[in-house]
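Subject: Structure handover

Hello,

Please find the structure below. My notes on it follow.

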Amino acid sequence: MAPTRARVRRRGAATPYLFLTPYLLLFLVFALLPVVLGVWLSLHQWDFQLPNKPFVGVDNYRDLFDSNSVVYSFWWESLGATGIFTLLSVPLLVVLPLGLAVLLNRAFPGRTFFRAVFFAPYVLGVAVIGLLWRFLLDANLGLVNRLLGLVGLPDDTAWVTDLPWAWISLVGVTVWWTAGFNAVIYLAGLQDIPGELYEAAKVDGATAWQRFRHVTLPGLRPVLLFVVTTTILASANLFGQSYLITQGAPGTSTRSVVWYIVEQGIAQNDAGRAAAMSITLTLMLAVVSVANFRIFRYRED
Amino acid sequence: MNSEERPKDNLISRRRVLGLGVGLGTAAALTLAGCGGDDDTPAASGDGGKTYTGPKVDLNLWNGFTGGDGDIFKKLVDQFNTEHQNIKVGVATYRWEDYYAKLPGAVSSGNGPDIAVMHMDQLATFAARQIIQPLDDVASALELTEADFAATVWNGGIYKDKRYGIPLDMHPLGFYYRTDLMEQAGLDPAKPPTNRQEFEAALTALKAKNIQGFWMSPFQFTGGMAGYSLVHQFGGSLFNRDTTQAVYNSPEAVEAVTWCVDLVKNGHSPANVGQDADYVAFKAGKSAFNWNGIWQINDLKKSPDVKWGVAPLPQIGSKQAAWANSHNFTIVQQKRGADANKTAAAKVFINWLSEHSLDWAAGGQVPARKEVRDSSGFQQLTEVGKLAPELDYAAFPPALPGVGDVITTFYTAFNEAVLGKKDPKKAMDDGVAKANQLLADNAKKYGA
């Protein structure tokens with residue numbers, strides 16, 4: 001008996017790794033390998049069509065911080081653009097969907113219908129919402145200005161070609177587009193909070209605000225961490241909205257950093273620079289995400 | 001129409017070359033087959049495109065003709081396939097943006113097409129990146145010279161003294177006008193403005209009747225292209241002669257851009273015109289004039305209720321000039337070694353289509369080939385024909401690898417000026433500074 005059991009145990013020891021293997025392979029080939037190759041690329045002047053791909057050391061990185069380099073002003077302008085967008089959109093995308101979720105969590109007639117309505121824009125692709133809003137927001141022909149005019153408000157706001165309006169448009173459209181997704185995540189979190197906690201709070205005489213503050217919010221903490229982290233990352237990846245709606249206007253002030261990286265890599269065929277920018281951006285976002293986790297864990301303690 | 005004569009000419013020439021060509025073609029094919037496809041020096045094979053007598057080959061052709069032009073192109077290819085039993089051309093169409101991004105990868109992995117259609121301003125970049133191969137032998141074997149084409153189009157296909165593209169057509173910027181709105185303003189729609197004085201007078205007359213004359217788009221399509229035309233009209237240029245410096249901050253260029261900005265300032269154009277809004281407004285009767293590409297002719301023909309006409313751009317500056325680009329045929333380099341038969345067949349196809357570009361003109365493009373432009377068949381395409389004179393003074397972008405990114409700096413500067421974000425001079429100065437950095441960077445990269 002004993003030898004058999006030992007064999008089973010020995011064989012069993014490999015089981016978890018066998019189960020992990022398929023994903024591990026995918027991860028190695030499609031996630032880790034590209035990252036390693038990206039680092040390799042970033043140390044070269046790399047146009048895959050040109051025979052000559054000289055090793056340039058950290059030049060591609062130094063260029064990002066050297067004000068005399070050809071990419072410096074474009075890089076920091078686009079990074080600033082993404083930063084502005086993230087700072088404006090993340091608070092709205094964290095708070096508004098929470099309110100929405102709390103409302104949609106109540107029992108009222110037509111609840112399923114409204115849940116579907118708020119989630120609906122999220123199923124549209126960025127090309128669809130981009131073209132749609134570009135024409136709706138057009139300063140001279142758009143429906144938005146027409147409607148504002150009808151109610152006596154200024155009807156000549158340059159929603160997509162002037163600042164700060166272009167940012168307001170981009171943030172507004174993104175909130176309209178993706179708020180439903182965050183709301184669904186919150187909704188799932190809300191349904192995990194036991195009803196007894198609310199009952200107990202009521203018995204203790206807690207007001208609606210106090211129940212929200214001391215029962216709902218603590219109950220949602222892990223969900224909040226998830227929503228804040230993914231929303232920051234999604235906002236930092238801004239590309240399609242500004243590419244289609246404002247087209248970077250005025251000038252290149254609304255060109256996002258991801259857009260600029262794509263342009264470097266694919267339009268200007270400089271994969272080395274594009275890789276250096278991607279890696280620098282990734283490191284910046286990693287710092288933000290780590291800070292994020294720290295803040296939420298601190299509160300938990 | 002000459003069409004009765006032209007096929008006969010072809011027939012004669014084909015018969016004449018057949019006698020010659022069979023011998024020559026086979027000899028060339030044999031020699032090359034012996035070499036085993038040396039891809040370091042992809043060059044002459046066959047007799048340069050007069051005939052193909054080898055075994056049956058399948059050719060792949062890529063293009064970006066996603067509009068109505070795509071259907072016409074496919075019809076031409078079908079016709080070619082029925083006329084040539086031993087060549088079969090298959091066509092794949094992508095959006096131009098995707099197309100240019102996709103082509104290099106496909107070529108380097110050995111999955112590229114045999115023939116690629118390309119805009120003139122892309123030729124140098126793709127030649128420098130060794131994606132397309134020289135075609136000088138096609139030009140010389142077919143006895144194509146500058147005289148057969150407009151000089152501007154013909155010379156645009158040359159990079160480092162070698163020819164990489166055989167021009168198919170050219171598509172300039174044209175001046176579209178609403179005949180109904182002109183009549184309302186008391187203007188003669190049979191005589192659209194041709195110079196600065198007439199153009200400005202027309203705008204004033206329209207304004208007096210509360211009709212919006214122009215929509216000055218701040219975006220490349222189509223405001224930036226209007227600005228590009230005007231810089232050349234005022235005697236300026238985007239680059240110096242040997243394309244080592246950007247010079248679109250010259251007094252002439254700044255004057256041209258200022259003229260565009262003043263249209264907005266003087267109320268001849270609304271401010272903050274959105275992308276495509278100028279053309280939408282024109283079609284909706286909210287704008288009397290629109291400077292737009294020749295490709296809009298077919299679109300406007302689809303709306304019978306729009307009363308319109310088209311003419312060459314009025315001469316606002318000291319000379320005539322108009323933005324233009326051109327579609328060119330190119331032969332792609334093959335990573336796995338060139339197949340001499342395929343290359344020879346590809347050249348036959350390019351020559352055949354170039355000769356049949358009259359049908360292509362119906363797709364809304366001016367044929368590059370002079371004999372086709374002079375044919376009575378082309379004269380009957382009145383709208384497209386009206387823009388043919390622009391061929392003589394068309395301002396094509398220079399043949400310079402990576403030039404697209406550099407020209408973008410002009411469009412960005414133009415955008416800032418028209419939107420009133422920067423004074424025209426300041427906008428152009430800032431743009432030129434960036435353009436020169438990019439030019440130096442490209443020179444280093446491509447070893448120009």
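**Chain A: overall form**

Of the contacts in chain A with a separation of 6 or more, 67% are between residues 24 or more positions apart; two residues are in contact if their C-beta atoms, placed from the backbone, lie within 7 Å.

Before going further: this is a predicted model, in which local features need pLDDT of at least 70, side-chain atom pairs count only at pLDDT 80 or more, and totals for chains, interfaces and linings use all residues. Residues are numbered from 1 along each chain as its sequence is written, while chains are lettered from A and ligands numbered from 1 in the order in which they are written.

Chain A has 13 helices and zero strands. Helices (H or I, at least four residues) and strands (E, at least two) are DSSP runs, numbered from the N terminus. The radius of gyration of chain A is 25 Å, whereas a compact globule of 301 residues would have one near 19 Å. That radius is taken over C-alpha atoms, and the globule rule is 2.2 Å times the number of residues to the power 0.38. The C-alpha trace of chain A spans about 85 × 70 × 35 Å along its principal axes. Buried residues make up 32% of the 301 in chain A. A residue is buried if 20 or more other C-beta atoms lie within 10 Å of its own, exposed if 12 or fewer, and partly exposed in between, with C-beta atoms placed from the backbone.

**Chain A: record annotations**

UniProt, in an unreviewed entry, lists residues 79-292 of chain A as "domain: ABC transmembrane type-1". UniProt positions are given in the numbering used here, feature names are shortened, and annotations may be inferred rather than shown by experiment. In the model, residues 79-292 of chain A are 74% helix and 0% strand, with the end C-alpha atoms 20 Å apart.

The unreviewed UniProt entry also carries the annotation "transmembrane region" for residues 20-43, 79-104, 116-136, 165-188, 223-245 and 274-296 of chain A. I looked at two of these spans. Residues 20-43 of chain A are 96% helix and 0% strand, and their end C-alpha atoms are 33 Å apart. Residues 79-104 of chain A are 100% helix and 0% strand, with end C-alpha atoms 36 Å apart.

**Backbone points to check**

Most residues other than glycine have a negative phi, and most peptide bonds are trans. The following depart from that.

- Leu163(A) and Pro164(A) are joined by a cis peptide bond with omega about 0°. Pro164(A) sits in the loop between α6 (143-150) and α7 (165-191) of chain A.
- Ala249(A) and Pro250(A) are also joined by a cis peptide bond, with omega about -10°. Pro250(A) is in the loop between α11 (240-246) and α12 (257-267) of chain A.
- Asn269(A), not a glycine, has a positive phi of about 55°. Asn269(A) lies in the loop between α12 and α13 (271-300) of chain A, and counts as buried because it has 24 C-beta neighbours inside 10 Å.
- Lys160(B) has a positive phi near 50°. Lys160(B) is in the loop between β5 (158-159) and β6 (162-163) of chain B, and is exposed, with 12 other C-beta atoms within 10 Å.

Chain B is divided into domain 1 (2-168 + 326-395) and domain 2 (172-324 + 402-446); the bounds come from an automatic or database domain assignment. Between them, 18 residues of domain 1 of chain B are in contact with 21 residues of domain 2 of chain B. On the domain 1 side, the elements giving two or more residues are α4 (120-128), α17 (382-386) and β14 (394-395) of chain B. The largest share of that side, four residues, comes from α4(B).

Strand β3 (residues 115-119) of chain B has five of its five residues buried. Ile115(B), Val117(B) and His119(B) point one way from β3(B), and Ala116(B) and Met118(B) the other way. What does β3(B) pair with in the parallel sense? Its parallel partner is β1 (residues 57-63) of chain B, over two bridges, where strands pair if DSSP finds at least two bridges between them. Trp62(B) stands opposite Ala116(B). Strand β12 (residues 327-332) of chain B runs antiparallel to β3(B), joined by five bridges, and Ile331(B) in β12(B) is the bridge partner of Ile115(B).

**Between the chains**

Finally, 23 residues of chain A are in contact with 27 residues of chain B. The chain A side comprises 11 nonpolar, eight polar and four charged residues. Here Ala, Val, Leu, Ile, Met, Phe, Trp, Tyr, Cys and Pro count as nonpolar, Asp, Glu, Lys and Arg as charged, and the others, Gly among them, as polar.

Regards
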